[in-house]
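Here is a short briefing for a reader new to this structure. Start with the overall layout, then turn to the details.

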Amino acid sequence: MKLTIIGTGYVGLVTGTCFAEVGHQVVCVDNDPAKVKLLQEGGIPIYEPGLEELVKKNVGAGRLTFTTSTAEGVEKSDVIFIAVPTPPQPDGSVDMSFLERVARDIAAAMTSYKIVVDKSTVPVQTGDKVAEAIKRYGKARVEFDVVSNPEFLREGFAVEDLMHPDRIVVGVRSQRPVPALQEIYAPFNAPIIITDINSAELIKHASNSFLALKISYINAVAVLCEATGANIQEVAHGMGMDERIGRRFLHASLGFGGSCFPKDLSAFIKIAEQVGYDFRLLKEVQHINAAQMDRFVKKIQETLWVLKDKTIGVLGLAFKQNTDDIRSSPALDLCHRLQKEGAVLRVHDPKAMEKAKAVLKDVTYVEDMNAVAEGCDALVIATEWDEFKKLDLDRARKALTHPILFDGRNLFDPAEMERLGFIYKSIGR
Ligand code: UDX
């Protein structure tokens with residue numbers, strides 16, 4: 001099928017590329033000419049495992065093209081996906097200006113029936129607003145349908161998640177666009193759930209909020225584990241074996257971050273507030289997440305006593321593994337808090353150092369993870385990169401002034417670390 005994707009961020013670029021990979025003819029539109037040029041030349045603006053090869057392959061095969069012109073994108077396809085940012089505003093509500101702008105641009109360019117599919121994460125009832133905007137700004141009597149099709153991919157696993165989704169959610173107002181959506185998604189062999197638009201929009205916010213809740217829940221249980229001598233990993237394992245609970249998203253950590261969970265939680269709380277419901281459960285999820293970082297910083301302070309002029313090595317800057325994304329990164333937050341206390345930092349991340357340099361100043365960026373510990377009073381693991389599990393622990397112990405390791409991601413076994421001579425402090429164990 002001929003498809004257009006407007007917005008080449010994480011969701012738009014990966015969606016467009018995977019659609020091309022399964023054989024659709026895809027035009028990706030972005031209003032940033034430098035980005036479009038880079039993509040046309042086979043480069044990609046983000047780090048995402050497997051994506052660069054797929055972009056190159058599909059550009060080469062002529063199935064994936066890039067343009068800055070929305071009008072061209074609208075003209076070339078009958079189905080237009082919107083995947084533009086919906087960033088948070090200071091009060092937690094969602095900034096809908098990019099989406100509204102795109103809806104107007106699509107409307108202005110439409111000369112025949114189009115299916116306009118929203119992939120951006122939006123507050124419930126946005127579909128109605130998009131339809132109104134298109135009607136208001138469109139040419140007279142051009143028919144269209146608005147569809148909500150939220151995306152559930154995780155950064156760092158985006159290609160894998162998009163190619164093998166658990167489910168596809170399609171929210172519609174009439175049955176007319178359904179066959180086209182079924183055809184687009186047929187190659188992905190996943191159950192397609194057809195709902196009304198409001199429900200589809202709610203599914204996205206409710207899912208992300210639930211996952212964030214799951215992480216805060218296990219982090220709260222981790223506090224009890226620390227206080228009682230229990231081990232959070234054993235507790236999580238024992239809980240997760242119950243299929244009703246499930247094992248995933250039960251990793252205790254120094255807190256969740258990223259461009260989705262914090263923003264979607266705030267948005268969902270705000271949406272609830274606007275319809276008169278005080279979603280206190282989710283407010284507590286936020287509190288637990290913030291407290292988790294406080295507790296971790298306190299643990300470092302209590303162990304090192306005074307942080308001023310102490311040198312601390314930090315492994316990890318990205319908000320999670322397999323990405324160079326530093327948006328709302330707990331690791332960066334931690335770095336800033338340690339700096340505020342006067343600590344001197346030596347930092348490393350396998351992919352995020354370039355992006356971090358713009359916001360994390362006055363630190364030493366170390367290329368080799370095994371060299372970070374040199375001259376440090378303590379080492380901290382802040383991101384769950386698999387690479388860090390292969391850290392040369394013997395070298396690190398010898399390089400540290402004191403063999404202290406704070407593990408915010410529970411990557412190592414406490415008994416083993418003790419045997420190796422470390423003072424090892426992790427989460428909930
Ligand atoms: C999330 C959702 O998983 C995805 O479905 C949605 O489309 C976008 O938001 P993402 O933000 O890319 O994806 O990352 P995710 O893997 O969910 O991790 C989010 C944060 O939670 C990270 O900071 C991660 O380190 C943390 N996390 C995750 C935990 O602390 N513990 C866990 O068990 C899982």
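Predicted model: local features only at pLDDT ≥ 70, side-chain atom pairs only at ≥ 80, totals over all residues.

The protein splits into domain 1 (2–190) and domain 2 (210–425). The two domains touch, with 19 residues of domain 1 in contact with 19 residues of domain 2.

**Overall form**
- The secondary structure comes to 16 helices and 14 strands.
- The radius of gyration is 23 Å, close to the 22 Å that the globule rule gives for 429 residues, so the protein is as compact as a globular protein of that length.
- Along the principal axes, the C-alpha atoms fill a box of roughly 75 × 50 × 40 Å.

**Domain interface: area**
- The centres of domain 1 and domain 2, taken over C-alpha atoms, are 33 Å apart.
- About 1500 Å² is buried between domain 1 and domain 2. Carbon and sulfur atoms give 55% of that area.

**Domain interface: polar links**
- Two salt bridges are found across the interface of domain 1 and domain 2.
- The side chains of glutamate 155 and arginine 327 meet in a salt bridge, at 3.4 Å from N to O.
- Between domain 1 and domain 2, seven residue pairs are in polar contact, with both residues at pLDDT 80 or more.
- The side of domain 1 that touches domain 2 has eleven nonpolar residues. Five polar and three charged residues are also part of that side.

**A residue to look at: glutamate 183**
- Where does glutamate 183 sit? Its place is in helix α8, which covers residues 178–185.
- Glutamate 183 and methionine 1 are 182 residues apart along the chain. Their C-alpha atoms are separated by 8.1 Å.
- Leaving aside neighbours within four places in sequence, glutamate 183 is in contact with Met1 and His24.

How values were computed: Residues numbered from 1 in each chain as written. Heavy atoms only, no water. Domains from an automatic or database assignment. Contact = heavy atoms within 4.5 Å. Buried area = accessible area lost by both parts, 1.4 Å probe. Salt bridge = Lys/Arg side-chain N within 4 Å of Asp/Glu carboxyl O. Polar contact = N/O pair within 3.5 Å; in protein donor to acceptor, adjacent residues only side chain to side chain. Nonpolar A, V, L, I, M, F, W, Y, C, P; charged D, E, K, R; others polar. Helix = DSSP H or I, 4+ residues; strand = E, 2+ residues; numbered from the N terminus. Rg over C-alpha atoms; globule rule 2.2 N^0.38 Å.
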